[in-house]
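Dear colleague,

Please find below the structure that I promised to pass on to you. I would be grateful if you could read the notes under it with the model open beside you.

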Amino acid sequence: MHVRAGRFRLYAAVAEGGFRRYATYRVATAAGVFTNTVFGLILAYTYLALWDERPGLGGYDQAQAVTFVWLGQALLTVMALMGGGFEGELIERIRTGDIAVDLYRPADLQAWWLASDLGRALFQLLGRGVLPMAAGALVFDLALPADPLRWLAFLTAVVLGALVSFALRFLVALSAFWTMDGAGVSQVAMLAGTFFSGMLLPLNVFPGALGEVARALPWSALLQVPADVFLGRHTGLDLIRMYAFQLGWAAALLTAGRLLQAVATRRVVVQGG
Amino acid sequence: MADPSRVRFRRAQVRDGLRAYRLISAMWVRSLMAYRLSFAMTALGNFAVTAFDFAAILLMFSQVDRLGGYSLAEIAFLYGASCTAFGLADLSLGSMDRLGKRVRDGTLDTLLVRPAPVIAQVAADRFGLHRIGRLTQGALVLTYALVVLDIDWTVVKVLTVPMMLLGGAGIFGALFVAGAAFQFVARDAAEVQNAFTYGGTTLLQYPPTVFAKDLVRGVTFVLPLAFVNWLPALYVLGRPYPLDLPVWVAFTPPLVAAGCLALAGLAWRTGLRSYRSTGS
């Protein structure tokens, strides 16, 4: 019990460190807010043109479609959809061999980076999510939930999405044990992240089988699912089903990360760091 | 007007700059080519990343026939023109957004003492030939549009296309330089530059009818992005211009580009003069 509490304190401190680290880049954050707002504006107009042509496309009305755009901008850095999370640093540590030091620490590698990445994600949500959304609400008619419970449901979906996002990027980073630079895998992951998360276009607008496949892949847990929870498309039993979908992917991918970590760690010993 | 020796000096400066740019970028290309497979992969990746923008448009057109009153071929024309112009600027000046990092870590100082214009060194630094991926992607979409579109070609229309690409590249190039100049002041604000460069090219991929009039007014009269492709392309397509502008504005992009580059150059020199090393 004692050890447990100590562990928790350790990871809480790591998460706080992750939060603080990003919080120091104030100018960069302001610049990011500006960029997210500009992209949100441009995309919102293109969505409006699309929904003008096809009202009710994908089951969204215009306000919901535009809200989807701003949710995408708000969650872009939270979910590190285009990269920019912890993975670059972990890849660098693997490449330089510093990872050997990390493995000697009395903390679990995966849990350590998870804590740090969740801290980062929380900062990004507050730092780069709230303001662009507020700017969007000033210019457009957004479908913001009035029910506080729905906000809570949304935040839960965001947390679960962040877990899936971390699990995916942990796998990407570990690939560096074999490829050494991880650049190729990172790029493929980034492509998959933007395409299959709904960042380009909501996944329920994707035609036919492509849409079905996209909605079943883990990336849909990062943006599509939280956005649909926010827009009130999943309630009651359906909401539970969506959480189960996110949790299922999180568990599967985190387990895969564990296994890969075990295999990779043995490699470090073989190489001698 | 100008004193001839000054003009000669200026010309020599430009020649020096271009020479330094050529040498440094050639060095980076050689170093990239040491790992050909890696280069091929990053170029392909660059191609794929940008191709997703067009994939989004294709996905939209899987649901509709028109967007903002424009057909897929017409939007492909706008997209191809914007993406190609941006690709040219990105290939030649895309490294400039690293300036903020150089200011922060103090490595800009090493460039200041070298006997070559700083702007040429910054622009050629880590010259990324893999950016050719974006350029190729834009050129392919533009070619597709030119093949599919049913245009009554005249000599003037034919000439408008290359003029539009070069003028557009000049305007985007000015944005890269101005963005870098801004980073002398705001060191870690590289993302602001992205809003204008990447944001600008995204905006121009769609017809002006999609956007609110004030936004169109802003990118015509304040930040003259509309001259990159909207105004010349709409002339080629025989579409009405936004804001009821006169016909001749279609032929002004080279002038607008020259003006933007001059202003950006001024901003750059001001930024460089104000630079104080971090001393690290």
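The notes below go from the contact between the chains to single residues.

This is a predicted model, in which local features need pLDDT of at least 70 and side-chain atom pairs count only at pLDDT 80 or more, while totals for chains, interfaces and linings use all residues. Residues are numbered from 1 along each chain as its sequence is written, chains are lettered from A and ligands numbered from 1 in the order in which they are written, and side-chain values use heavy atoms, with hydrogens and water left out.

**The interface**

Between the two chains, 31 residues of chain A are in contact with 34 residues of chain B, where contact means heavy atoms within 4.5 Å. The area buried between chain A and chain B is about 2,700 Å², and carbon and sulfur atoms give 76% of it; buried area here is the accessible area (1.4 Å probe) that two parts lose on being put together, summed over both. On the chain A side, the residues that lose the most area to chain B are A:I42, A:Y45 and A:L191, which together account for 19% of what that side buries.

One helix pair across this interface can be described in detail, with helices taken as DSSP runs (H or I, at least four residues) numbered from the N terminus. Helix α2 of chain A (residues 26–53) packs with helix α9 of chain B (residues 190–204) at an angle of about 10°, their axes being 8 Å apart; the axes are lines fitted to C-alpha atoms over the stretch in contact, and angles run from 0 to 180 degrees between N-to-C directions. The two helices are therefore roughly parallel, a term used for angles under 35 degrees, whereas over 145 counts as roughly antiparallel, 65 to 115 as roughly perpendicular and the rest as oblique. The residues in this contact include A:F34, A:V38 and A:I42 from α2(A), and B:F196, B:Y198 and B:L203 from α9(B).

Not counting residues up to four places away in sequence, B:Q63 touches A:R54, A:L57, A:V205, A:F206 and A:P207. At 18% relative accessibility B:Q63 counts as buried, which means under 20% relative accessible area, with exposed being over 50% and partly exposed in between (1.4 Å probe, protein chains only).

**Loop residues within chain B**

B:D125 sits in the loop between α6 (118–124) and α7 (132–148) of chain B, and is buried at 7% relative accessibility. Its contacts, leaving aside neighbours within four places in sequence, are B:I24, B:W28, B:S95, B:R98 and B:R102.

In the loop between α11 (230–237) and α12 (253–274) of chain B lies B:L243, which has a positive phi of about 60° although it is not a glycine. B:D244 is also found in the loop between α11 and α12, and its phi is likewise positive, near 50°. B:L243 is partly exposed at 21% relative accessibility, while B:D244, at 75%, counts as exposed.

**Cysteines**

A search of the whole structure finds zero disulfides over all chains, a disulfide being a pair of cysteine sulfur atoms within 2.5 Å. For B:C83, the nearest cysteine sulfur is that of B:C260, 20 Å away, which is too far for a bond. Both cysteines count as buried, B:C83 at 2% relative accessibility and B:C260 at 14%.

With best regards
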